[in-house]
Amino acid sequence: MKLARELLFPLIAIAAAFVIGGIVVAIIGDDPIYTYRLLIGSALSWPDGIGYTLFYATPLIFTGLAVAVAFRCGLLNIGAEGQLTIAAFATAWAGIEFGRLPWWLLIPLACGIAVLAGAAWGAIPGVLKARFGSHEVINTIMMNFIAAGIASALTQSYFKEQGDPILETRAIAGAGHIPRLGRFIPGLPSRLPLNFAFLLALAACALVYVFLWRTKWGYEIRATGSNPSAAEYGGISVKKEIVLAMAVSGGLAGFVAVNEVLGYRYRYYQDFSANYGFTGIAVALLGRNHPLGVLLAALFFGALTRGGLFVDIFTEHVSKDLVFVLQALIILFVAAEALFRRRMGKRVS
C-alpha cells in the first residue's frame, strides 16, 4: 500500500506531462499518437533501442543517487555537474599516466580515482556549509564553473594531442577500457556503447539503499535531514553528517566518469556531459530520493532521450526538444505534489 502511494504522484505527474505535451504537439501540427508511438517504440526496440536507453540511463542513475543522498541530509547538491567533470578529467589522467599497468590494476585504480576526485570536490561545499554556514546551492554552482575551468585549462595546457582541434585529452591506454555488454549478451551488438558501468550503477543503487537504511551513518544522515535540531540533541554531529553526505554525493557523481571515460569515449572530452548533473536533480525528484525510484526514473529519462532522437528525425514539426518540455512538465507536476495531496485530502474528508 505504501509503495502504491509512493508511485501514485510520480505516475500522475508523468501522465499529466504527456497530456499537455500531446496538446503542444497537436498545436504545432503533428499527430500526438504517432509522435508518442515513435518516442516509446524507438526506446524499447530490441536491441538498439533498449541498449541505448540503458546507456543513456547509466549516468543519470549515478547523478540521481548523488542528488538523492544529499537530499536525504537536507542538502541540495547542484554541483554534480562539477563533481563528474573533475572526476572525468582525473580518470583520464590516471588512464594516461598509469597506462603501463595491467588492466586488472589500472581499471580499479582509475575507478577509485574517479570516486575520490568526485568525493573530494563534493566535500568542499560540505565543509564550507558545516564550518561557515554558507549555502550549499551557491557553493556548488560556483564549484561547477571552477571545475570546468580547471579541467579545460589542464587539458589545453598538458594533455591535449598536438594538432587536435577538439578540446579533449589524449586517449587512455587500452588496458583501461572496460568491456561493453554486447560481448556477453547474445543479440546485443558490441557496437552499442552500453558497458559494465551500467552493472556498476545497479550495484550503486543497492549499496546506497544499504548505506542509507541499514547503517549507522545512513541513519544519522537521514536524521539530520529530517530534523537537524533533534539530531543534534540526540548526539549526532550535524556538521560531520553534512560533510559526509556531500562527499558521498560527490563520489556517486564521480562514477559517471567510469561510464564516459573508461567505457565510452576513452578520453576526457570537454563537453561530454549532456547536463547529467542537472538532470540528476529531476531524476532524484521523480524517484522520490529512493534508490529504486531513482533507478526507475533514470530508465524513464534514458528512454525519453533515446526516443527524442527519433522524434526529431521522423516527425515534420516536432524536435527532440519535446523531451526537455516533457521533463520540465514532469518536474513541475512533481513539485506541485503538495497541491495534489491537499485536493485529494479535501475529497477524502
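Isoleucine 28 is partly exposed, with a relative accessible area of 40% (buried means under 20%, exposed over 50%, and partly exposed in between, with a 1.4 Å probe and protein chains only). The structure is a predicted model, in which local features need pLDDT of at least 70 and side-chain atom pairs count only at pLDDT 80 or more, while totals for chains, interfaces and linings use all residues. Residues are numbered from 1 along each chain as its sequence is written, and side-chain values use heavy atoms, with hydrogens and water left out. Isoleucine 28 is located in the loop that lies between α1 (2-27) and α2 (32-44); helices are DSSP runs of H or I with at least four residues, numbered from the N terminus.

Helix α5 (residues 103-132) packs with helix α6 (residues 136-159) at an angle of about 145°, and their axes are 10 Å apart. Axes are lines fitted to C-alpha atoms over the stretch in contact, and angles run from 0 to 180 degrees between N-to-C directions. Residues of α5, including Trp121, Ile124 and Leu128, meet residues of α6, among them Met143, Ile146 and Ile150 (contact means heavy atoms within 4.5 Å).

Threonine 85 belongs to helix α4 (residues 80-97) and is buried, with a relative accessible area of 10%. Beyond its neighbours within four places in sequence, threonine 85 is in contact with Ala147, Ala148, Ala151, Tyr268 and Phe272.

Arginine 183, by contrast, is exposed, with a relative accessible area of 60%, and is placed in the loop between α6 and α7 (197-214). Its C-alpha atom is separated by 29 Å from that of leucine 116, 67 residues apart along the chain.

Conventions: Helix = DSSP H or I, 4+ residues; strand = E, 2+ residues; numbered from the N terminus.
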